[in-house]
Amino acid sequence: MAWLYQEQTVERLFLALMAAAPAVAAVGALLHRFAAGKLSRRAATLWVVLAAAGPANYGLWRLFNAIEDYWGLDRVKPLLINFAIFVALGVVAGLVLRVLLRPE
């Protein structure tokens with residue numbers, strides 16, 4: 001039986017994303033700053049979130065794999081653990097962004 005994806009391929013893709021996201025965000029922020037004259041707090045926050053997305057994605061991928069490798073894919077416990085982690089991170093990220101992106 002063949003897997004739907006090769007884990008090494010996804011790992012390489014996420015490693016490339018981890019390196020590319022901060023570089024793309026830095027270039028984008030510089031272009032934004034030159035085009036607009038200055039970078040607002042809201043725009044700067046969004047560029048920082050974009051820069052952190054690649055490393056965060058890679059870290060979450062590794063965490064997901066560690067949990068699934070420990071308990072296996074055929075149990076409900078790792079599914080619930082991953083669900084709780086991702087929901088908690090989503091709520092925390094949403095609340096933090098809500099505070100940071102308030103109108104100035």
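Phe14, Trp61 and Phe64 are linked into a cluster by ring pairs. The model described here is a predicted one.

### The aromatic pairs

A pair of aromatic rings is described by how far apart the centres are and by the angle of the planes. The structure holds 3 aromatic pairs. Two of them are set out below.

| Pair | Distance of ring centres | Angle of planes | Arrangement |
|---|---|---|---|
| Phe14 and Trp61 | 5.2 Å | 80° | edge-to-face |
| Trp61 and Phe64 | 6.4 Å | 25° | stacked |

Planes over 60 degrees apart count as edge-to-face, and with planes at 80° the pair of Phe14 and Trp61 is therefore edge-to-face. Phe14 belongs to helix α1 and Trp61 to helix α2, so this pair ties together parts that are 47 residues apart in sequence.

For stacking, the planes must be under 30 degrees apart; the planes of Trp61 and Phe64 are at 25°, so this pair is stacked. Trp61 and Phe64 are 3 residues apart in helix α2, which means that about one helical turn separates them.

Are the members of the Phe14 and Trp61 pair buried or exposed? Both Phe14 and Trp61 are buried. For Trp61 the relative accessible area is 12%. Phe64 has a relative accessible area of 28% and is partly exposed.

### The two helices

Two packed helices are described by the distance between their axes and the angle between them. Helix α1 covers residues 7–36, and helix α2 covers residues 41–71. The axes of α1 and α2 come within 8 Å and cross at roughly 170°. Angles over 145 degrees count as roughly antiparallel, so α1 is roughly antiparallel to α2. In the contact of α1 with α2 there are 17 nonpolar, 5 polar and 3 charged residues.

### The largest pocket

Rolling a probe the size of a water molecule over the atoms shows where empty space is left. In this model, the largest pocket has a volume of about 220 Å³. Its lining is made up of Trp3, Tyr5, Gln6, Glu7, Phe64, Asn65, Glu68, Asp69 and Leu73. By class, the lining residues of the largest pocket are 4 nonpolar, 2 polar and 3 charged.

Which helix gives the most to this lining? Helix α2 does, with 4 residues.

Note on methods. Residues are numbered from 1 along each chain as its sequence is written. This is a predicted model: local features need pLDDT of at least 70, side-chain atom pairs count only at pLDDT 80 or more; totals for chains, interfaces and linings use all residues. Side-chain values use heavy atoms; hydrogens and water are left out. On a 1 Å grid over the protein atoms alone, a cavity is a set of points where a 1.4 Å probe fits but cannot get out, and a pocket is an open set with protein on both sides within 12 Å along at least five of seven lines; lining residues have an atom within 4 Å of a point. Grid points are joined across faces, edges and corners, and a volume is the space filled by probe spheres set on the points. Helices (H or I, at least four residues) and strands (E, at least two) are DSSP runs, numbered from the N terminus. Ala, Val, Leu, Ile, Met, Phe, Trp, Tyr, Cys and Pro count as nonpolar, Asp, Glu, Lys and Arg as charged, and the others, Gly among them, as polar. Axes are lines fitted to C-alpha atoms, for helices over the stretch in contact, and angles run from 0 to 180 degrees between N-to-C directions. Angles under 35 degrees count as roughly parallel, over 145 as roughly antiparallel, 65 to 115 as roughly perpendicular and the rest as oblique. Rings of Phe, Tyr and Trp (its six-membered ring) pair if their centres lie within 6.5 Å; planes under 30 degrees apart count as stacked, over 60 as edge-to-face and the rest as tilted. Buried means under 20% relative accessible area, exposed over 50%, partly exposed in between (1.4 Å probe, protein chains only).
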